[in-house]
Amino acid sequence: MQNITLIPAWRRDDFLQVTLDYIKEATGADRNLYVFLVDRGFHTEVVEVIKSFPLEKLIRFAPQHRYRGNSYNLLEGYKYALQLAKTRKSELIYLVEEDIWVGKDFFDYHEKVQSQFPCFCASAVRNQNDDRKHPDEPESVYYHMGYQSLGVSFKLDSIAKIVEHATPALYQNMLRYVKTHFPNSKYGNMWTEQDGVINRIAERNPVHSLYCYSPRAYHAGFVGYNRRGTALEGSREARVAKLRSMSDKEMNDLAGEYKDITRCNLDGYSVDKFVLR
């Protein structure tokens, strides 16, 4: 068995380098196949970082197309991963975006909670759709209706539900598609790219998404595709060193509209059995 980790990549070579450095440090990282989804318009420096990654990998370059945003790259990546999973005997498919920094027990957490609880997906990042303050209880998890594409894992049946919608009709007119296929969604006309589509699928799934009280990863992207923050300058080596040393306050100071970065413990926890709260 070999699980599959999808890593979208575009223009942030410094963030990607830090992401991959943390992945290499995670327990069980060498058990996965890493599929890099390189989007159109990528920077060549990103490919340099990918080629230096020492674990087993495949690189998938998105073709040139006229569709809006990055939904095509990600959803077609899920479709490709599902095909691979059948030959690799995979049980889980992960999505780790190029600005998600994972802890040492990231893969261990996902494997255990996915084996212990039914869920549409599991996220190891603080639930950004939940305003409650959860105590630091590494063994505690909970269900929530909302989906977020942050340090997430899926079983194959959930991926199959997603790729049903990976069609030209969606890519050509996302708003029309979600209004037609999800007419009763509480999201209405909001959020029509891939996250919004998957949120609508999760919304009507009988089992919800699973989150942890004590995050095993965090979102560090203060600049990116949907975030108009201030990028770091200098050599890649200098930028990577700076990113690894920055506090969440320093990151949020460079962020634009979204100042929601919250660091978490990346040293890992030792938990064998989780408790549903």
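How do the residues of the lining of the second largest pocket divide into nonpolar, polar and charged? I found 10 nonpolar, 6 polar and 8 charged, where Ala, Val, Leu, Ile, Met, Phe, Trp, Tyr, Cys and Pro count as nonpolar, Asp, Glu, Lys and Arg as charged, and the others, Gly among them, as polar.

Basis of the entries. I worked from a predicted model, in which local features need pLDDT of at least 70 and side-chain atom pairs count only at pLDDT 80 or more, while totals for chains, interfaces and linings use all residues. Residues are numbered from 1 along each chain as its sequence is written, and side-chain values use heavy atoms, without hydrogens and water.

Second largest pocket. I took a pocket as an open set of points on a 1 Å grid over the protein atoms alone, where a 1.4 Å probe fits, with protein on both sides within 12 Å along at least five of seven lines; lining residues have an atom within 4 Å of a point. I noted about 430 Å³ of space here, the volume being that filled by probe spheres set on the points, which are joined across faces, edges and corners. Of its 24 lining residues, R126, N127, R132, P215 and T262 lie nearest the centre. Strand β10 gives the most to this lining, with 3 residues; strands are DSSP runs of E, at least two residues, and helices runs of H or I, at least four, numbered from the N terminus.

Largest pocket. I recorded a volume of about 1300 Å³ and 40 lining residues, with S149, Q194, D195, N226 and R227 nearest the centre. Two or more lining residues come from each of β1 (4–9), α3 (71–88) and α8 (194–203). Helix α8 gives the most, with 4.
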